[in-house]
Amino acid sequence: MELHQGAGSSMVAERSYSIRRLIPQDVEALAILWAEMQRHYGKPVTEIDAMQAAIQACDAQQRDGFEPRILVANVLGSGLAGAIVLNVSFPANELSRSLYIRDLYVAADMRRCGVARALLRAAAALTLCQGFSALDWTAEVDNLNARKLYSGEGARQLPRVYYRLDTIGMQQIAECENVDAAQ
C-alpha cells in the first residue's frame with residue numbers, strides 16, 4: 001500500500017475504490033455505512049432499521065422512474081467507502097426533472113481520500129446521462145470542508161433558505177382527514 005498525505009496532518013493508507021450504482025449485494029455494507037452515518041449525525045438507528053432502509057434502497061434501484069438513484073464507492077474486499085443518494089425533483093426548471101442530493105456520506109476512515117469528489121462527479125455524470133436538467137443540494141453552513149469541495153467543483157451557492165417540517169411540526173398543522181392523498 002502506498003501512503004499519501006491526506007488533507008489533514010495524518011498519513012492515510014491509499015485504497016482504491018470504484019464508483020458504481022448500488023446493487024442488491026451491497027445491502028449489508030450499505031446498512032453498516034448508513035448506521036455509521038446516523039451515529040455521525042447524532043441520530044443513531046438500530047441495526048434492523050439500517051438493514052430495512054438498505055433493503056428498500058436496493059429495491060428502488062431496480063427502477064428508474066421517480067425512485068432515488070444511489071451511487072456507492074466500493075473498496076474491493078472492504079465494503080463501501082461512501083454513498084450518495086439522489087432524489088428526483090419535479091417539476092424543476094422549465095417543467096423538467098432534476099436530481100437532488102439527499103445525502104453524501106463518506107466513511108470516517110476514507111475521508112480526505114477523494115471519495116466525496118468522485119461521488120459528486122459520478123452524480124453529475126449520471127444526471128447528464130439520464131437527461132436531468134440540474135443537480136441541486138444543500139450543505140450545513142458550518143461544514144466548511146464540504147462547501148470548499150462543492151465550490152471547487154464549480155457548484156454555485158443559490159440564494160435560498162432551506163425549510164423542514166418534522167413529524168411534530170406536521171402534526172401541529174396537518175388536517176389529514178381533509179386530504180385525499182393521506183388515505
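The strands and helices I name are DSSP runs numbered from the N terminus, a helix (H or I) having at least four residues and a strand (E) at least two. I note that this is a predicted model, in which local features need pLDDT of at least 70, side-chain atom pairs count only at pLDDT 80 or more, and totals for chains, interfaces and linings use all residues. Residues are numbered from 1 along each chain as its sequence is written, and side-chain values use heavy atoms, with hydrogens and water left out.

**Entry on strand pairing**

I then checked how S5 is joined to S6, and found 8 bridges between these antiparallel strands. Two strands count as paired if DSSP finds at least two bridges between them. S4 and S5 also pair in the antiparallel sense, over 7 bridges. Here I saw Asn 74 opposite Leu 80 in S5. These two strands form a hairpin with 3 residues between them. In its turn, Gly 77 has a positive phi of about 75°.

**Entry on burial and the core**

Is S5 enclosed or open? I found that 8 of its 11 residues are buried, so S5 is largely enclosed by the rest of the structure. Buried means under 20% relative accessible area, exposed over 50%, and partly exposed in between (1.4 Å probe, protein chains only).

I next examined the largest nonpolar core, which has 24 residues. Such a core is a set of buried Ala, Val, Leu, Ile, Met, Phe, Trp, Tyr and Cys residues joined through side-chain atoms within 4.5 Å. Ile 84, Leu 86, Leu 99, Ile 101 and Val 115 touch the most other members. S4 (69-75), S5 (79-89), S6 (98-106), H3 (115-129) and H4 (144-152) each supply at least two residues of this core. The largest share, 6 residues, comes from H3. A second, separate core of 19 residues includes Leu 22, Val 27, Ala 35 and Cys 58.

For Ile 84 I listed contacts (heavy atoms within 4.5 Å). Leaving aside neighbours within four places in sequence, its partners include Ile 70, Ile 101, Leu 119 and Ala 123.

**Entry on helix H4**

Which residues of H4 are buried? I found Ala 146, Leu 149 and Tyr 150. They cover an arc (taken from the directions from the helix axis to the C-beta atoms) of only 95° around the axis, which puts them on the same side of H4. They pack against H3 and strand S7 (135-137). The face turned away from this buried side carries the exposed residues Leu 144, Lys 148 and Gly 152. Gly 154, which follows H4, has a positive phi, near 95°.
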